[in-house]
Amino acid sequence: MSLSAAQSSDTSSRRRKPAELVQDLPQEHDPQASLNPEQIQNRLTISTDTPSSHHSICPALCTTKCMPAQTCPSHHAYAESWEEIQSKRTIRAENEVEANKLVNNYRFGFRKWKSHVTERPFEVRSQVVKELYSELNVIKPYSGHLITVGNVAYVLIFGWWISLAYFLIGLFMFITLTGVPYGKLCLKLSCYFLWPFGKSIHEIGKTFRMCCEQAPDCECDLERTGDDSPVLLPSPTDGPVPELPGRPLRTPYWHRFSTYVWLLLGYPPLLVIHSLACFLSWILVFTIPICKMNARTLGVILLLAPEDVSVTTCTQRKHQIYETRALLCCYQASNWYYYKYTVDGINVFAVNLLPLVIVAIVIGYIDRENQYASSDVKFAIAICSIIPLSYYIGMGIASISAQSNFAVGAVVNATFGSITELTFYITALLRGHRAANPCLQEVVKAALTGTLLGCILFIPGICMIIGGLRHSEQRFNSRSTGVSAALLFISVGGVFAPTLFSKAYGSLVCDACTNSTGGNSSGTFVCHSCHYDLNNGTLFRNHVEPLVYTVSALLPVAYIIGLIFTLKTHSHIYDIHVGGGQENGPHGAVVHWSRWRSLVILIMATVLTSACADLATEHIQPILNQPNVSQYFIGVTVLAMVPEIPEIVNGIQFALQNNISLSLEVGSCIAVQVCMLQIPILVLFNACYDVGFVLLFSDMHLWASIFSVILVNYIFMDGKSDYFQGTALVVVYLILLAMYFFAPSPTGC
């Protein structure tokens with residue numbers, strides 16, 4: 001794939017794909033803007049000048065190089081469907097690594113990843129994003145309102161107690177006598193932090209300070225007004241001012257007794273106050289400017305000499321003519337766009353959830369007797385800690401795949417793509433086997449089914465709703481979606497084939513049967529706990545078990561065939577072309593994570609996921625013992641969908657960018673991996689180490705999965721999506737959840 005953007009306009013025009021031309025038509029040809037897809041489709045022709053059969057638009061529709069109108073045969077008018085035209089899109093990337101990641105998003109079997117794996121040039125980012133990463137030591141013109149909801153909330157949540165702390169510490173410094181200058185500073189900062197907006201903190205320049213020290217009668221005071229000179233930064237060319245005879249020298253900062261009184265008595269409590277404010281404002285995400293303000297105060301302002309710190313307002317700044325250096329200036333306490341904020345390529349929400357992993361491991365493995373936290377709390381923390389680990393695993397997979405060829409990427413996606421779910425399932429099966437608790441096996445089956453239902457119904461549905469509300473109607477490549485749909489049919493048919501076989505040939509056994517008429521041999525019997533008994537005879541060992549192994553061997557083969565079909569022999573189905581726009585060049589990309597770093601993070605995240613999964617399964621029993629909640633419901637909701645939260649977020653972001661094709665592929669890819677990779681691996685693990693896992697599902701799992709696959713294929717047939725279709729999928733998903741919620745407990749629970 002060539003990423004060169006240095007092509008002539010004529011060559012670029014000739015080689016542009018039909019999708020590019022169609023997308024440009026409403027802007028370039030206003031009379032044609034109202035054409036519907038069928039009208040545009042009817043005006044297409046197939047060019048025969050090249051073996052690759054590049055398509056062009058007839059002269060009746062556009063003015064690019066085309067074949068004559070009379071050579072547009074009618075039998076070629078429908079040679080390519082509108083969906084195929086829509087699938088041929090040009091994607092833009094800043095560099096080659098980012099282009100590989102974007103192309104991998106369209107490949108079957110690859111994890112769909114929205115976040116960037118390389119550092120984007122700061123100068124090309126939008127002004128909104130630049131504002132998120134800007135420091136608060138630059139004074140910028142501001143014309144907005146200072147009295148906003150966020151600023152008022154700052155006063156109520158942070159401002160009053162920070163200001164009170166400064167006031168009390170200031171009084172205490174006055175009592176020490178030697179700390180009087182710091183007491184004055186604290187009183188000034190007390191007023192500042194009560195309402196810091198529109199105010200600024202400056203460090204007084206050396207030239208002004210030495211002038212005032214040597215000439216007490218100078219007029220360069222803080223309140224002086226003059227011309228509208230801007231605030232100046234310290235000039236590196238300022239030379240030392242000659243000392244006046246008999247004038248005492250200024251005592252260096254670290255040679256003062258008051259400095260050590262301040263660092264021992266005044267600074268420590270403020271360290272606690274600002275650290276707490278930083279923590280709370282960072283956790284809230286949208287108040288990160290408050291975190292920056294407190295961190296800068298703690299690290300810079302409070303370590304300066306008190307006479308060097310000046311607090312001014314907007315009006316005073318306009319008239320000051322003395323030399324200062326801006327230290328802190330803030331206009332807004334919150335910014336709703338901070339949900340885009342990243343740290344080393346990781347979204348701030350995932351970064352904030354990462355400490356949960358440490359908390360879960362510490363309280364889980366140290367507090368064995370539940371003295372400080374109950375099992376319910378430990379289970380909740382352990383489950384939530386899997387969310388950031390899943391995000392880190394996804395980032396690692398995307399980074400390695402983007403920096404490697406597609407074969408390595410396919411192996412990495414197949415190996416680590418399901419590692420989070422497999423870790424939990426295997427851990428639960430092992431714990432259930434050791435404790436002779438068959439309930440955990442049923443919970444694992446419920447989680448497998450819940451992941452399948454969530455990826456088939458909920459993820460596409462919620463993406464259709466959000467994308468449809470923003471873009472009215474969205475189109476996707478129905479042919480590529482058809483490949484995933486076919487694999488879904490194969491997957492569900494293979495996974496539930498042993499269940500159907502056992503119901504056709506197994507013996508129904510019921511326990512606790514009673515005669516409603518009171519007789520012994522006649523009348524109607526009421527039975528409970530009915531199930532198919534497969535272990536007492538030869539049916540399971542001679543027929544069902546071989547079928548399970550056969551299906552488990554065929555499903556991965558079908559997955560590999562799907563990879564070959566979509567990545568090699570029929571890759572033109574996706575027909576993704578990476579266009580120009582690479583400012584940095586192919587080798588100028590600065591990746592967030594190198595391949596080795598990504599691999600190390602993947603291994604560490606996998607180990608931590610295993611620990612958190614072990615803790616979750618250890619403390620899940622009190623949750624399962626809840627009398628009002630079915631164990632099925634816990635499996636299909638909490639255990640199934642919590643690890644998939646990063647994927648749901650990715651799908652929603654794709655839908656908001658009018659890329660519904662990737663949103664649908666997010667769910668389909670996970671569902672196919674559940675059936676074709678995760679379940680065969682569980683069967684193989686059970687064959688090597690018998691934990692009692694049998695690939696036989698309940699009737700509710702069976703019919704819910706089959707119905708969901710049929711429904712989603714019906715929805716996807718026309719290649720269009722809107723919020724109504726998405727609502728239908730989500731409503732069906734909620735109905736199935738209601739069935740699981742009211743379902744009786746499975747056998748063994």
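Leaving aside its neighbours within four places in sequence, which residues is T449 in contact with? Before I come to that, a word on the model: it is predicted, so local features need pLDDT of at least 70 and side-chain atom pairs count only at pLDDT 80 or more, while totals for chains, interfaces and linings use all residues. Residues are numbered from 1 along each chain as its sequence is written, and side-chain values use heavy atoms, with hydrogens and water left out.

The protein has 27 helices and 13 strands, where helices (H or I, at least four residues) and strands (E, at least two) are DSSP runs numbered from the N terminus. Of its 749 residues, 50% count as buried, meaning under 20% relative accessible area with a 1.4 Å probe and protein chains only.

T449 lies in helix α18, residues 439-471, and counts as buried because its relative accessibility is 2%. To answer the opening question, T449 is in contact, that is, with heavy atoms within 4.5 Å, with F697, H701, S705 and Y740. Y632, which is 183 residues from T449 in sequence, is 9.7 Å from it in space, C-alpha to C-alpha.

Let me turn to strand β4, residues 199-204, which is largely enclosed by the rest of the structure, because five of its six residues are buried. Five bridges join β4 to strand β5, residues 309-313, in an antiparallel arrangement, and β4 also pairs with strand β6, residues 324-329, in the antiparallel sense over five bridges; pairing requires at least two bridges found by DSSP. I201 stands opposite V311 in β5 and opposite L328 in β6.
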